[in-house]
Amino acid sequence: MSEYEAVIGLEVHVHLSTASKLFCSCPNSFGDEPNTNVCEVCAGMPGVLPVLNHKAVEYATRMALAIHATINQRSQFARKNYFYPDMPKDYQISQYELPLCEHGWLDITVNGGKRRIGITRIHMEDDAGKNIHPQGESHSLVDLNRAGTPLIEIVSEPDMRSAEEAVAYLKKLHSMVVSLGISNGNMEEGCFRCDANVSIRPRGESQLGTRTELKNLNSFKHVQKAIEYEIARQSDVLDDGGKVVQETRLYDAGRNLTLPMRSKEDAQDYRYFPDPDLLPVVITDEELQEWIATQPELPESRMQRYTADMKLPEQDAEQLCEDPFLAEFFERAAHLGGKPKKVANIMLGMMMREINQSGISPSEMRITPEAVSELADIIDNGTISAKIAADIFPELMKGEEMPLSYVKAHGLAQVSDSGAIDAAVQKIIAANPEEVRAYQGGKTKLISFFVGQVMREMRGKANPAMVNESIRKLLG
Ligand SMILES: [Zn+2]
């Protein structure tokens with residue numbers, strides 16, 4: 001047990017999937033030709049005026065509702081001043097003193113224990129463009145397609161105590177924004193990104209230690225590893241009698257370590273002030289009521305339905321609800337008649353294995369809920385064994401064939417013919433006299449050896465319950 005306790009807070013930036021940008025009508029889309037989605041407003045030309053996209057306000061409010069926060073129906077945009085080539089206005093439009101949302105929370109479960117994580121605030125802001133540094137060239141390029149796209153920043157309280165808790169919190173937020181339909185949550189494209197503030201203090205101490213801010217965390221795995229590394233690094237510094245320096249550190253995934261980027265002395269003074277070009281953001285009572293009434297179902301209530309109504313174990317329900325696409329898939333397959341627990345077994349076992357191996361995302365799968373429902377059925381009614389199901393699953397993932405017709409076409413149906421099974425058992429008994437003696441002498445655990453041999457003899461197609469029964473009968 002470490003003598004230190006870690007204190008972690010996260011700042012999460014979520015890209016909102018509105019059709020147009022935050023203050024102009026340029027398309028808010030990813031992957032287009034550089035500088036094609038740009039106008040005078042998002043290019044920061046003088047003399048132009050921003051006009052707020054109210055859809056972004058709705059999306060931000062939906063997130064605020066989801067975390068039980070106080071919603072400021074009147075909030076204010078502010079200018080955050082700094083100079084960087086990918087930000088042509090020379091300031092970012094953000095919210096400072098009067099954000100859209102304050103004082104929220106969400107619950108996480110880690111190792112069976114539930115913890116409540118406070119959320120300080122959610123504010124809206126526009127994103128910067130992107131600097132591109134062509135390899136081997138002495139110049140850089142700027143792509144302004146992303147400049148002016150809408151973001152929300154979700155700032156947590158320093159309530160997390162381990163890398164696992166930080167990842168659980170992030171995954172929960174991620175499943176919420178995707179379920180709400182306000183973001184695609186794509187981490188590789190930077191649509192869901194996070195900075196972590198990490199400090200440590202002696203266990204039992206209530207005062208906070210000096211914190212560092214970690215950047216460049218673009219996957220759940222990087223978040224976990226960077227925080228773990230940083231806790232160990234700070235512990236070493238304190239153990240050696242040193243002091244942790246307040247600074248921003250960059251995570252290097254290749255070498256799995258964090259490196260100093262800038263210290264507190266270099267910290268910028270952003271000279272925030274209310275943006276004189278923008279009116280206060282107002283949410284009317286009618287709007288708020290409508291958004292509350294049309295709020296999509298969140299992972300938490302979904303989970304409750306799965307455990308209470310569909311009788312899934314909590315762990316299965318939680319895993320399925322982490323990804324809204326998987327949850328939808330599961331519900332459709334169960335709705336088509338597949339027993340919920342059987343469908344969940346297929347999805348969390350064979351399907352996750354295939355997804356992890358191929359590196360595709362669940363939404364790219366070709367297999368249909370119809371196929372998974374049918375597969376659950378034919379395992380359940382004994383047409384095929386679970387072993388055969390696992391063998392043919394990679395083929396079914398291609399989405400070209402339905403399980404039952406595939407099984408029939410390839411002669412894979414389970415053999416439940418007791419004559420055929422008895423014959424195979426007799427053959428195995430004859431071939432293994434020593435094991436037979438040992439079994440009959442009391443080593444009854446050898447039953448699994450015989451079952452294995454018979455299953456192999458019958459190429460995995462025998463009904464396992466009948467094989468068991470036949471061996472017991474014939475060995476006496
Ligand atoms: Zn524009």
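Colleague: What covers the buried residues of α10?

Modeller: Welcome to this predicted model! The cover over the buried residues of α10 includes α8 (340–358), α9 (369–380) and α11 (403–409).

Colleague: Which residues of α10 are called buried, and what makes them so?

Modeller: They are Ile 388, Ala 389, Phe 393, Leu 396 and Met 397.

Colleague: Why do you say that the buried residues of α10 line one face of the helix?

Modeller: Looking down the axis of α10, you find them within an arc of 150°, so they line one face.

Colleague: How do you know that the span of α10 is close to the expected one?

Modeller: Helix α10 (residues 386–397) has 12 residues. The expected span is 1.5 Å times one less than the number of residues, and for α10 that comes to 16 Å.

Colleague: Now to the strands. Why are β4 and β5 called paired?

Modeller: Pairing takes at least two bridges. Strand β4 (residues 78–81) and strand β5 (residues 91–94) have four, in the antiparallel sense, so they count as a pair. Arg 79 stands opposite Ile 93 in β5.

Colleague: What makes β4 and β15 a pair?

Modeller: β4 and strand β15 (residues 273–274) share two bridges, also antiparallel, so they meet the cut-off of at least two. Here Ala 78 stands opposite Pro 274 in β15.

Conventions. Residues are numbered from 1 along each chain as its sequence is written. This is a predicted model: local features need pLDDT of at least 70, side-chain atom pairs count only at pLDDT 80 or more; totals for chains, interfaces and linings use all residues. A residue is buried if 20 or more other C-beta atoms lie within 10 Å of its own, exposed if 12 or fewer, and partly exposed in between; C-beta atoms are placed from the backbone. The arc is that of the directions from the helix axis to the C-beta atoms. Two residues are in contact if their C-beta atoms, placed from the backbone, lie within 7 Å.
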